[in-house]
Amino acid sequence: MSRSLGRYAYDVVVIGAGGAGLRAAVEAREAGLSVAIICKSLFGKAHTVMAEGGVSASMGNVNSDDNWMVHFRDTMRGGKFLNHYRMAELHAKEAPDRVWELEMWGALFDRTKEGKISQRNFGGHEYPRLAHVGDRTGLELIRTMQQRIVALQQNDEKETGDPEKFIKVFAELTITEILKDNGKVSGVYGYWRESGDEVFFDSPAVILATGGIGKTFKITSNSWEGTGDGHALALKAGGRLKDMEFIQFHPTGMVWPPSVRGLLVTESVRGDGGVLTNSNGERFMFNYIPDVFKDKYADNEAEADRWYTDQTNNRRPPELLPRDEVARAINTEVKAGRGSEHGGVYLDVSKRLPAEVIKKKLPSMWHQFYELAGVDITKEAMEVGPTCHYVMGGVDVDPDSTAAVGVPGLFAAGEVAGGMHGSNRLGGNSLSDLLVFGRRAGIGAANYVKSAGANPVSDTSLKAAQEKIEKPFTQTGGENPYALHHELQELTQSLVGIIRTKKELEEALIKIAELRVRIGKVSVSGGREFNPGFHLSFDLDNMLLVAESTALAGLTREESRGGHTRDDFPVMSSQWRQVNLICTFDGKKVSVEKTPLPSMPKELFELFDPHELEKYMTAAEMSKGGSN
Amino acid sequence: MARKINLRIWRGNSTDGALQDVTVDAMEGEVILDVIHRVQAEQMNDLAVRWNCKAGKCGSCSMEINGKPRLACMTRVSTFEDGETVTITPLRAFPVIKDLVTDVSFNYKKAMQIPAFQPPADLKPGQARMQQIDVERSQEFRKCIECFLCQDACHVIRDHEENKKSFAGPRFFIRIAELDMHPLDVIRNRKQTAQEEHGLGMCNITKCCTEVCPEHIKITDNAIIPMKERVVDVKYDPLRWLGSVIRKRDGIL
Ligand SMILES: Cc1cc2nc3c(=O)[nH]c(=O)nc-3n(C[C@H](O)[C@H](O)[C@H](O)COP(=O)(O)OP(=O)(O)OC[C@H]3O[C@@H](n4cnc5c(N)ncnc54)[C@H](O)[C@@H]3O)c2cc1C
Ligand code: SF4
Ligand code: SF4
Ligand code: FES
């Protein structure tokens, strides 16, 4: 079958039009490069649009005691000190500038009385730190950057007569392969979702900004796009994935009705005063404050309640513990038979805030429950339970340039990159991560392109990519991609979920291997034009690689930390804290190896109270007191 | 708990197509997008439909349900009678690509024609001070999820391909209004260009756009009318406008 094959050439290709991709594209264009932005959905629909609560940055507008050092400490604590310290440092230092910059591009955040950008409380953040627009912050972020790109295009039009001369959006195009020649990135290969026609790009630098992996799980807050494409593309191109065992289950997803199961209930509900109760009406979170957090969280209702009005003299309510803690607590309550009618727990803000305030502060939550569940959150409690939300693991990158380790020309930023959040991400730290490292990816790619020069795609690499795309149409065997996806989701949900054991993880790996064989027999019906069955057949392959990495890394890590809980190894180990697990792929199966986690230099080490660090680090690390 | 629902779904491409009847299970609490997905998984594997968030936040799943522009993810199956046949068709104002997927590039082209936000030249990042009350007017318009349902509903372009060239549509009238009311934007003639270049004058305030907006943005009352008022420098008279809803207008006020 001969079909038209499109060919384009750019200095840099950005895969992904969420916050990270768009920020990277802006930066690369401003550095003088020509940029292609590629995305699976329409422009402006990426996952980032769904982010609700806010973007964290220590601007100190609400509490002037806030600064980058406090933000850095919170981030490391939230990640249980498995974060790459350098990423957490850059993130905390640069986030305020990235938020202010959005304002210069037209963003309109909610304001404080003095007219500054308002900031709200969120789990794990010591001070009110999240800049926000009601509960639609992601929309503001993505639209602002989308409009910034249009502004750049308008400028190019003025100067050259062609708005798309230096920056062009290729929407509804799926990339299936990163092409390499001479050991370096040479371009990307993919297909238009609309026509099914294939296309490739010559490009010496590629920035992965493909977001998350939620669709590998059954209950998730992620959209169909979250199929881990970037994770898989990097693995297949010879890159390394790190920390893939750490998956964030957001404690509060909707549980009822079934069609909305998993849909996110923003953490702002708790930040704004929502409390969690079980079927006995108990505010159970008081029973789940881990030792390491005892001095920061209130152990009684009176103090927790006072905190909302006086944060200086009271400890915070335990509802605002980091997400992994809250998710596990809910899981335990439900398992112990104290769950709500539909297998969750209750989250109630109606007794805390007047109806008008709820509708104003949480408009889309009100709307979502009213329209989809028939629940009026200004009058009654919501039913909530954990939902797969975010992957901490991702492409192993150099913190400063975001260059992917082991693949010259490849960069990664945003959710697809690993290291920044350690074993657990704090709310609001993703949107800021997108901005900080999106920008850095743009700079990193620009510097690389200027020194590395062109590296055109060879016919051999093209041919290999082409053959793969044809497969689902030529294969026989009759496997239905939808059914396989369903099986994979059931498997990950039950065997690689919130609580894991050796036996279950081993079983998961066997089943994943079986699925891999069956994926080779997927055949799709219909033609090439906008055919979701065909599209899914590619996504499936990616999801399987992600699931395999998570199961394998999860089996290897014999401790519990953040987004990885082993029933058979329930405690956190300071030995394991010194280890990152790295997954690689040889074309047939994923392997895992241990590498040392880079340790903090003195100046960062000394930002912490040694008594706190002792809870995480070995005696040897403590006596050394920093890597320099 | 499951009940059966009859759907009549438009299937085809840019050249040819027809309505096809299917019957499918609908579970408690489901929305139209859920049952479309069930049809896709079980009966028509290659049925094309756009969606992302399934929560009314991204504006991808726009289509016409019983002839009305709506988000499929926010339309509950329980709002239809038992035994009723629900007709599902692609947006009528835009060319069909396949099945329920249309070519909405018109909107991205219009977005490109509106001059970007421009802050004061001497404003430094972090220095802006604005009161909540002053940002709220523009924030209302920035709630827009670009579902383009308002564009689809607007009769100026719905059945009048020829008007598309000179008419930006309600989505972009609120974009202009948003910038016009933005406390930091320094471009002063936005209303005039709305009138002269983007076809504001062709709007005759039928409010169909406001009615279909899933974000409940008061497109007509809060954006179009205030701009029109000030553009013509004459006090707006609602009665005069109501009287002219059905009369065909030829451009300028
Ligand atoms: C409901 C919800 C609420 C959230 N709320 C918050 C919050 O309040 N604060 C916060 O900090 N974080 C929040 N998060 C997390 C945060 O939104 C995400 O982590 C973040 O938006 C990811 O951004 P990204 O730029 O990395 O990727 P995304 O926004 O996910 O974008 C990925 C892009 O890559 C493209 N892509 C993927 N694969 C391919 C391929 N093969 N070919 C071409 N293109 C491809 C997609 O089309 C898309 O454009 C929330 C997440 C969810 C789901
Ligand atoms: S009010 Fe104006 S813009 Fe809105 S639908 Fe009617 S004519 Fe179109
Ligand atoms: S104004 Fe409303 S209807 Fe129009 S595109 Fe925006 S959200 Fe959709
Ligand atoms: S799927 Fe996002 S609005 Fe319907």
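A backbone N or O atom of H47(A) lies 3.5 Å from an oxygen atom of ligand 1, a polar contact in the sense of a pair of N or O atoms within 3.5 Å (within protein, one must be able to donate a hydrogen and the other to accept it, and residues adjacent in sequence count only if both atoms are side-chain atoms). The model is predicted: local features need pLDDT of at least 70, side-chain atom pairs count only at pLDDT 80 or more, and totals for chains, interfaces and linings use all residues. Residues are numbered from 1 along each chain as its sequence is written, chains are lettered from A and ligands numbered from 1 in the order in which they are written, and side-chain values use heavy atoms, with hydrogens and water left out.

Two further backbone contacts involve ligand 1. A polar backbone atom of E52(A) is 3.2 Å from a nitrogen atom of the ligand, and a backbone N or O atom of L431(A) is 2.8 Å from one of its oxygen atoms. In total, 39 residues surround ligand 1, the closest being T48(A), G53(A), E225(A), D229(A) and E415(A); a residue is near a molecule if one of its heavy atoms lies within 4 Å of it.

Between the chains, 64 residues of chain A are in contact with 64 residues of chain B, contact meaning heavy atoms within 4.5 Å. The buried area is about 5,200 Å², of which carbon and sulfur atoms give 54%; this is the accessible area (1.4 Å probe) that the two parts lose on being put together, summed over both. K45(A), M104(A) and L108(A) supply 14% of the area that chain A buries against chain B, more than any other three residues.

Five salt bridges link chain A and chain B, each a side-chain nitrogen of Lys or Arg within 4 Å of a carboxyl oxygen of Asp or Glu. One of them joins R142(B) to E140(A), with the closest N and O atoms 2.6 Å apart.

As to confidence, the model scores ipTM 0.90 and pTM 0.94. Chain B has a mean pLDDT of 90, with 91% of its residues at 70 or more; pLDDT is the predictor's confidence in each residue, from 0 to 100. Over residues 234–253 of chain B the pLDDT is below 50.
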